[in-house]
Amino acid sequence: MIYKNSKKKLGFGLMRMPTLDKANAADVDVEQVKRMVDLFMEKGFTYFDTAWMYNGFASESVAKAALVDRYPRDSFTLATKLHAGFFNSLEERDRVFNAQLEKTGAGYFDYYLLHGIEGAMLPKYEQFDCFNWLLDKKAKGLVKYAGFSFHDSAELLDEILTRHPEMEFVQLQINYLDWESEWVQSRACYEVAVKHGKPVIVMEPVKGGTLARVPDEAKKMFKDYDEDMSVPSWAIRFAASLDNVMVVLSGMSSVEQMKDNLGYMEHFKPLTEEEKGLCYKAADIINAQIAVPCTGCSYCTEGCPMKIAIPQYFSLYNEDMRENLAEKGWTVNFTNYANLTDKFGKAKDCIECGQCESVCPQHLPIIKNLKSVSEHFDH
């Protein structure tokens, strides 16, 4: 069995950890993360997911402080990744990997992924022979299972798994909002993984918080059906109900979120067909209202020359687009936007360099969307 704790399908994604300074993703509230780790482990969950650039490049170090230094190595499962944006030579692949071993102090990685493979990045992974490089790490005992995360079409996923059957698992963006999306293709990609016999790790099950803050109509529908289940629980359970899914990652940002997730995942029950139907109805409601389908991964911000807080601005814009602005005229998000611009570039400061769009896993027209944000907030 590729994952020894397969009955516990919840994974702790160390990507959106709580911070002490909201303007600094690297200023992680380590003490709160320790409490979250303890709760997670106490309930028998063991899968932790990090990456080189998460939380302003601090995630792997926090994994060491909150997890590796405090628990026996064989009591948890740790996954991390190599991203194409951080190496340009054969030697740099190892430099990143060795730094990850040092930052985490883990000794080895249970799961190691080539990170965010898509059409534009695949040639680089092939050019630097990363698939064989990863197998070599496995042969040396530094990695237990080799796989990759993926953001592209089902057709390309099929090509990659056909070309690289040695990959043992795949990490996919799966949630009920993207299940039938022509861009994300959650369902189609999942079916390709099933066809190739590859277990699936789910990322973005709550779509960066979008499925935790659904429109009132969808929220009422869920609460009328089961008042005790939280709104985000429907999204996590939707992904976990898929037979070929071994872990659903949740990027939890507080002790409260951890407690909520553990409450329904400790003794997980798959969704019924009726409950899945409610999720599809919620997707229709959300799709009718969402303006920018950003997941808040922040890949776009690390290299932005104007230091624009792109995900935060999109979040504020989405909230306002759901409001009756003709009636209200003003919302608190205008103040929130102004406060953010004290530390970050404004939406109108975009120089259209395209760096953000080149790394966006959702393939969003970020430049165009920033113009919409600017028209709304930059008065």
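Analyst: What follows goes through the salt bridges pair by pair, then turns to the cysteines.

This is a predicted model. It contains 23 salt bridges.

Start with Glu 266 and Lys 43. Their side chains form a salt bridge, with N and O 3.6 Å apart. Where do Glu 266 and Lys 43 lie? Glu 266 is in the loop between α11 (255-265) and α12 (273-287). Lys 43 is in the loop between α1 (30-42) and β2 (47-49). The pair therefore ties together parts that are 223 residues apart in sequence. Glu 266 has 25% relative accessibility, so it counts as partly exposed. Lys 43 is also partly exposed, at 36%.

Next come Asp 110 and Arg 73. They form a salt bridge whose closest N and O atoms are 2.9 Å apart. Asp 110 sits in strand β4 (residues 109-117). Arg 73 sits in the loop between α3 (59-68) and β3 (77-83). The bridge thus ties together parts 37 residues apart in sequence. Are these two residues buried or exposed? Both Asp 110 and Arg 73 are buried. The pair also belongs to a network of salt bridges, which links Arg 73, Asp 110 and Lys 144.

Now take Lys 195 and Asp 158. Their side chains meet in a salt bridge of 3.0 Å, N to O. Here the partners are in two helices: Lys 195 in α8 (residues 186-195) and Asp 158 in α7 (residues 154-163). The bridge ties together parts that are 37 residues apart in sequence. Lys 195 is exposed, with a relative accessible area of 57%. Asp 158 counts as partly exposed, at 22%.

Last, the cysteines. How many disulfides does a search of the whole structure find? The search finds zero. Take Cys 304 as a case: the nearest cysteine sulfur belongs to Cys 353 and is 6.4 Å away. Cys 304 is buried, with a relative accessible area of 12%. Cys 130 is buried too, at 0% relative accessibility.

Definitions and conventions
Residues numbered from 1 in each chain as written. Predicted model: local features only at pLDDT ≥ 70, side-chain atom pairs only at ≥ 80, totals over all residues. Heavy atoms only, no water. Salt bridge = Lys/Arg side-chain N within 4 Å of Asp/Glu carboxyl O. Helix = DSSP H or I, 4+ residues; strand = E, 2+ residues; numbered from the N terminus. Buried < 20%, exposed > 50% of the residue type's maximum accessible area, 1.4 Å probe, protein only. Disulfide = S-S within 2.5 Å.
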